[in-house]
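Have a look at the model, then read on.

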Amino acid sequence: MRKIIVGAQVSMDGVMQAPGGPWEDPTKGFKFGGWAMPYFDQVFGEEIDRVFKEKCDLLLGRKTYEIFAGYWPYYDETAPAGGIAKLFKDIKKYVVSRSADVDTSWQRSVLLRDIADVKRLREEDGPNLVTQGSTELVHALLANDLVDAMSTFTVPVVLGGGKKLFADGSAPHSYKLTRSRVSSTGLMIAHYERAGEIKIGDTALDSPSDAERARRERMKREG
């Protein structure tokens, strides 16, 4: 069975829309495209490379796939990020979309129609599946309990709105931090693997105060 690894560049308030440039995704009036780029440094690059160090395939939603397909095949492989460009050319790109007009002419691209197709793919033998961007797909993966690991690159900015990494409805799980690093620009990189069920603690007093009992009753009334 393959692992599905969510890779995401996120702001401190959880936004992952258009980290690479204003041209990526200006939908719904998003004004801060390119917000992650001023924080790119050697550590950022090294940790991005780490995400793709093990053999993997890409798993993308339609919009992110189209961004990648219009960019990476035309990127100079001798440039600083040329290694990523070559990797993306050589590996399989799975794009999940119900749209009838998805152009999968980018070599080694495969169209998946729905989350059921992703489940079947995950059950097969093969390289791990790594997401980039793809907000709606990531939400569906989390809701269907298909995420095995996450690599988050948290940039020290608050954007105030935009497409976010997490939405209500994710399958509850705890995650184990397997590696972390802080870059010279304040970027916080964290690699997580799924651990188990949510553990619950309790700080309640042995005997609740009258004020606490009243508060609990009020919470019940307010629903």
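How much space lies in the second largest pocket? About 380 Å³, where the volume is the space filled by probe spheres set on grid points joined across faces, edges and corners. Keep in mind that this is a predicted model: local features need pLDDT of at least 70 and side-chain atom pairs count only at pLDDT 80 or more, while totals for chains, interfaces and linings use all residues. Residues are numbered from 1 along each chain as its sequence is written, and side-chain values use heavy atoms, with hydrogens and water left out.

**Pockets and a cavity**

- Some ground rules: on a 1 Å grid over the protein atoms alone, a cavity is a set of points where a 1.4 Å probe fits but cannot get out, a pocket is an open set with protein on both sides within 12 Å along at least five of seven lines, and lining residues have an atom within 4 Å of a point.
- The second largest pocket has 17 lining residues, and Ile5, Arg50, Glu54, Ser151 and Glu193 lie nearest its centre.
- Elements giving two or more residues to that lining are α1, β5 (128-132), β6 (149-155) and β8 (188-196); helices (H or I, at least four residues) and strands (E, at least two) are DSSP runs, numbered from the N terminus.
- By class, the lining of the second largest pocket has seven nonpolar, four polar and six charged residues; Ala, Val, Leu, Ile, Met, Phe, Trp, Tyr, Cys and Pro count as nonpolar, Asp, Glu, Lys and Arg as charged, and the others, Gly among them, as polar.
- The largest pocket holds about 1400 Å³ of space, and 50 residues line it, with Glu24, Thr64, Phe68, Gln132 and Gly133 nearest its centre.
- β1 (4-11), α1 (42-51), α2 (62-69), α3 (82-90) and α5 (135-143) each give two or more residues to the largest pocket's lining, which divides into 25 nonpolar, 15 polar and ten charged residues.
- There's one cavity of 30 Å³ or more, and its lining includes Leu141, Asp145, His173 and Arg194.

**Aromatic rings**

- The structure holds eleven aromatic pairs, meaning rings of Phe, Tyr and Trp (its six-membered ring) with centres within 6.5 Å; planes under 30 degrees apart count as stacked, over 60 as edge-to-face and the rest as tilted.
- Phe30 and Phe32 make an edge-to-face pair, because their planes stand at 80°, with the ring centres 6.2 Å apart.
- Phe40 and Phe44 are stacked, at 4.7 Å centre to centre and 25° between the planes.
- Phe44 is buried at 1% relative accessible area, whereas Phe40 is partly exposed at 46%; buried means under 20%, exposed over 50% and partly exposed in between (1.4 Å probe, protein chains only).
- Ring pairs also link Trp23, Phe52, Phe68, Tyr71, Trp72, Tyr75 and Phe88 into a cluster.
- Lys93 has its charged end over the ring of Trp106, 4.6 Å from the centre; the rule is NZ of Lys or CZ of Arg within 6 Å of the ring centre and within 35 degrees of the ring normal.

**Strand partners**

- β6 and β8 run antiparallel and are joined by six bridges; strands pair if DSSP finds at least two bridges between them.
- Ala149 stands opposite Glu193 in β8.
- β7 (residues 174-182) also pairs with β8 in the antiparallel sense, over eight bridges, and Arg179 has His191 in β8 as its bridge partner.
- Five residues sit between the strands in the hairpin of β7 and β8, where Gly186 takes a positive phi near 90°.
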